[in-house]
Amino acid sequence: MNHRPSIRFVVDVSAAIVCLAGSVVAFADVRGPIAPYIVLAGAVLGCGWAMTGWLDTRDAAYAASMTVAAGIALIILISTIAVELGWWHPVIVVGVLSVGAALSNGGLSYRDFTREPRP
């Protein structure tokens with residue numbers, strides 16, 4: 001297992017870092033011009049990759065579009081459920097989703113780091 005990390009591994013680690021950054025910004029109530037973009041990237045891209053990163057596609061455009069679509073769909077689904085239950089706490093929802101996605105992306109990074117390279 002003496003090989004370079006794959007691009008998938010780099011994406012996995014990047015998604016985990018973006019998710020952790022988004023959850024820190026949300027939970028720490030960080031304000032500033034870039035804070036909403038960090039939270040949005042963690043919520044959409046990080047959560048989307050956590051849901052679709054297990055797909056073994058080689059097409060980067062397909063993987064990117066599925067990631068964005070899944071991330072947006074997950075945020076809409078969880079937000080709708082929270083509103084319907086009368087429990088609307090966006091900071092907690094986004095923070096917990098981002099932490100869960102960071103853990104999932106960490107698992108994906110371990111899987112992709114230990115996987116043998118494809119020919």
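Visitor: How many cavities of 30 Å³ or more does a search of the whole structure find?
Guide: The search finds one. This is a predicted model, where local features need pLDDT of at least 70, side-chain atom pairs count only at pLDDT 80 or more, and totals for chains, interfaces and linings use all residues. Residues are numbered from 1 along each chain as its sequence is written, and side-chain values use heavy atoms, leaving out hydrogens and water.

Visitor: What makes a space a cavity?
Guide: On a 1 Å grid over the protein atoms alone, a cavity is a set of points where a 1.4 Å probe fits but cannot get out. The largest cavity holds about 30 Å³ of space, a volume being the space filled by probe spheres set on the points, which are joined across faces, edges and corners.

Visitor: Which element gives the largest share of the lining of the largest cavity?
Guide: That is α3, with three residues; helices here are DSSP runs (H or I, at least four residues), numbered from the N terminus. Lining residues have an atom within 4 Å of a point, and among them are Arg-8, Trp-49 and Tyr-62.

Visitor: What makes the other kind of space a pocket?
Guide: A pocket is an open set with protein on both sides within 12 Å along at least five of seven lines. The second largest pocket has about 190 Å³ of space, and α1, α2 and α4 each give two or more residues to its lining. Asp-29 is one of the lining residues.

Visitor: Why is Asp-29 called partly exposed?
Guide: Buried means under 20% relative accessible area and exposed over 50%, with partly exposed in between (1.4 Å probe, protein chains only). Asp-29 has 46%, so it is partly exposed. Its phi is near 55 degrees, a positive value in a residue other than glycine. Most residues other than glycine have a negative phi.

Visitor: Why is Trp-87 called partly exposed?
Guide: Its relative accessible area is 41%, so Trp-87 is in that middle class too. Trp-87 is found in the loop between α3 and α4.

Visitor: What makes a nonpolar patch?
Guide: Nonpolar side chains (Val, Leu, Ile, Met, Phe, Trp, Tyr) are joined within 5 Å. The patch here is about 960 Å², and Trp-87 and Phe-27 are among its residues. Helix α4 gives the most, with five residues.

Technical notes:
Patches are made of residues with over 30% relative accessible area and no salt bridge: like charges are joined within 9 Å, nonpolar side chains (Val, Leu, Ile, Met, Phe, Trp, Tyr) within 5 Å. Accessible areas come from the Shrake-Rupley method with a 1.4 Å probe; for residues, only the protein chains shown count as cover. A salt bridge is a side-chain nitrogen of Lys or Arg within 4 Å of a carboxyl oxygen of Asp or Glu.
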